[in-house]
Number of protein chains: 2
Amino acid sequence: MIDKTFVFGHQKPDTDSIASAISMANLRNELGENAECFRLGNLNKETSFALKSFGVEEPSLLEEVEEKSNVIMVDSNEFAQSVKGIENANIKMVVDHHRINLQTNDPLYYVAEPVGCTSTIIYKLYKQNDVEITPKMAGIMLSAIISDTLLFKSPTCTEEDKKIAQKLADIAGVDMYEYGQNLLKAGTDISDLSANEVINVDCKPFEGNGCNFKISQINSADVDDVFTRQEELETAIQNDIKENNLGLYVFVVTDILNANSKVIALGEKADVVEKAFGVELDNNTAMLEGVVSRKKQVLPKILENI
Amino acid sequence: MIDKTFVFGHQKPDTDSIASAISMANLRNELGENAECFRLGNLNKETSFALKSFGVEEPSLLEEVEEKSNVIMVDSNEFAQSVKGIENANIKMVVDHHRINLQTNDPLYYVAEPVGCTSTIIYKLYKQNDVEITPKMAGIMLSAIISDTLLFKSPTCTEEDKKIAQKLADIAGVDMYEYGQNLLKAGTDISDLSANEVINVDCKPFEGNGCNFKISQINSADVDDVFTRQEELETAIQNDIKENNLGLYVFVVTDILNANSKVIALGEKADVVEKAFGVELDNNTAMLEGVVSRKKQVLPKILENI
C-alpha cells in the first residue's frame, strides 16, 4: 500500500507516544488521508489502562518500514528512538515536544512546541483543522497529558497543557483528577509482582568506600499501598543482602504525585541513610522530603556518607 | 539587553528572508515580546524595491550573536547559513519551509510547512494569534511570496501560497500581478550596469573536448529589454573571447516569468548551440523553450556536443 501513511511514536512507548499516534492518525484520516497508527513496542500498564478506559483498540506493532514509505513521527524526531528503516522513509510530518535532532532531504511539515505533552499540540491541530474530537480521542489525549505531566505536577507542565486537559476531560466526560489518579496508579501497579520482582523492577548495584550496596527504586501513586507489603519486601531484601554480601540496601518508593520518597534501609550500614539525609529510621523506614532522583539525590549522599 | 529576541533569516538574504524577519519580529512584538528584526547581509535590489514600495525600514545588519542570546530563525534552520555565534544562542523558535538540518539541546517552538514561502506560514501565525496584519506588513509578506514563487510560476508554489498572496494583496491595496511584475523586474534591473558588468553578473568558465568556453546567465523579467542592448553585449562578449581564447561563449537570459531562456551564442563553435538544442541561430540568438538551469540543462547539452 504505497498510499498508506504510517503514524508512530518512539520505541519503549509511553502513553503519549501511543495516544499521539492514535489521535494523529485519526486526524489525518478525517482530513482524507489513508493513515494508520502503530506502536513500536509493548504497551505499559498505564497505556493499557487508558485504552481500556475509553474503549480504544491497541495499535498494531510495527517492526520496520519499507523504503520511501510515507511516515508521520509523533512524540519523537530522533532516528535512534524510531523504527527500523526510518532513514529511508519519506517523513511527511513531525509533531513533537522534544529537542530537535533531525536531518531531512526535503521540506516537510514540522510542528513542535515546548509544552509538556505532544497530545496538547495535537489538540490544537484538531482545532486548526476544524475536526471534531470524539470522547474516545479526548480520553486518550487526556491520558497522555496526565501521564507526561504526572497530573500537572511535573516541571515540564505548562498552563496550556492544563487548560487543554480540562477541555479534553469535559469532552471525555471524566473528572480529570479522579481519572488521573487512577491512571497513574494503574501505571505503577505492582499487585501481580512477587516481592522479589518488586525490588528488582529497577535495582542498581554500587560500591563505595569498600562497601557493596544496592539502591532499588519504584514509582508509586500510592506509597502506603506498597508499604502494606513491607514484611515480604524486607524478607526479599535480606535474602539479597545475604546472597550478595551487601553492607547496605536502600529500597526507594517514589511518590510520583507528591514528589517525595519513602525508603526501606537494611544492612549493617543502614545508619548511613540517617546521616545522609538527616533522618531517623523508624521500623527501618524514613520519609525523604523532595527526593525523587536516585542519580541526582540519593546516590551522591550515600556515597558521601558511607 | 538580555530580554531582547533577535529575529533573522539567512545569509545572502532574499526578499523572503528579510520580509519574514520583519513580519515575525512585528508579530512577536504585538504579542508582548521584545523582538527586533535583522539582516545577515546586504539587501538585493528586489528587496529594496519591496521595502520602498510599502515604506518599511531596512533592518540593521547583524554580524554576530552573543552566547545565550534569544533568537528566532526564519526562512532557514541551518547553522552554516546563519549568523556567527548561532551554535551557542538560545533558539526559541524556527519558522521555515526548507528541509531540516538542526540539532538543539532543548525543546523549542518549531513550525515548518512544505509551502513556497516562509511568509505564507507567518500569515497563518498572525491569524492563529489574532494579530491584525497592517498594509505595510501585508505588502512585504506579499513581496516575499511573489519573489519565492516567481509570481506563482515556480514548481514550489502551492495553492495556499497563492490564496494567501491574494489576501495580502487585498490588505496592502495592490494588484498582485501588476505589483509582482514590477517587483521581479526591479530584482533583475541591469540598467545601471555596463555591458561588461552584465555579462559578468554570473559567468562560469568550462572546458570540453579541448575547447575553452563560458556560460554566463542573468535572470530577467523583461528579456526584450535586455536584448535592446544586444550590440554592446556582443562587443563585450567578443572582447572576452579574444582575451581568453574561447571557442564558445553562451550568454543565457532566463525569462523568470515564462521559464524560458533566450541566448546569444558567439565564437568559432557557436553552432554547437544549434546542435545541442535543435535550434537555428538567428542574428546570433536563439530561444530555448523550457530551459532555465545552466547546471542541469545548458551545460550537459553543450558538453555532449562540443
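**View 1. K12(A) lies in the loop that joins strand 1 (5–8) to helix 1 of chain A, helices and strands being DSSP runs (H or I, at least four residues, for helices; E, at least two, for strands) numbered from the N terminus.** This is a predicted model, in which local features need pLDDT of at least 70 and side-chain atom pairs count only at pLDDT 80 or more, whereas totals for chains, interfaces and linings use all residues. Residues are numbered from 1 along each chain as its sequence is written, chains are lettered from A and ligands numbered from 1 in the order in which they are written, and side-chain values use heavy atoms, with hydrogens and water left out. K12(A) is not a glycine, yet its phi is positive, about 45°. Most residues other than glycine have a negative phi. With a relative accessible area of 78%, K12(A) is exposed; exposed means over 50% relative accessible area, buried under 20% and partly exposed in between (1.4 Å probe, protein chains only).

**View 2. N283(A) occupies the loop between helix 10 (271–277) and strand 12 (285–288) of chain A.** Its phi is near 55°, a positive value in a residue other than glycine, and at 52% relative accessibility N283(A) counts as exposed.

**View 3. Helix 1 (residues 15–30) and helix 3 (residues 118–128) of chain A have axes that come within 9 Å and cross at roughly 10°.** Axes are lines fitted to C-alpha atoms, for helices over the stretch in contact, and angles run from 0 to 180 degrees between N-to-C directions. The two helices of chain A are therefore roughly parallel, a term for angles under 35 degrees, while those over 145 count as roughly antiparallel, those of 65 to 115 as roughly perpendicular and the rest as oblique. The crossing of helix 1 and helix 3 of chain A is left-handed, meaning that the near helix is turned anticlockwise from the far one by less than a right angle, with clockwise giving a right-handed crossing. Contact (heavy atoms within 4.5 Å) involves residues including A19(A), S23(A) and L27(A) of helix 1 and I122(A), L125(A) and Y126(A) of helix 3 of chain A.

**View 4. Helix 3 of chain A is mostly covered, with eight of its 11 residues buried.** The buried residues are T118(A), S119(A), T120(A), I121(A), I122(A), Y123(A), L125(A) and Y126(A), and what covers them includes helix 1, strand 5 (90–96), strand 7 (109–112), helix 4 and helix 5 (159–172) of chain A. Helix 3 of chain A is followed by D130(A), whose phi is positive, near 55°.

**View 5. Helix 4 (residues 135–149) and helix 6 (residues 176–187) of chain A have axes that come within 10 Å and cross at roughly 70°.** These two helices of chain A are therefore roughly perpendicular to each other, and their crossing is right-handed. L142(A), S143(A), I146(A) and S147(A) of helix 4 meet M176(A), Y179(A), G180(A), L183(A) and L184(A) of helix 6 of chain A.

**View 6. Chain B is superposed on chain A by a rotation of 179° with 0.2 Å of shift along its axis (RMSD 0.2 Å).** The superposition is by least squares on the C-alpha atoms of residues with pLDDT of at least 70 in both copies, and the relation is that of a two-fold axis. In chain B, the C-alpha nearest the axis belongs to V111(B), 2.3 Å from it.
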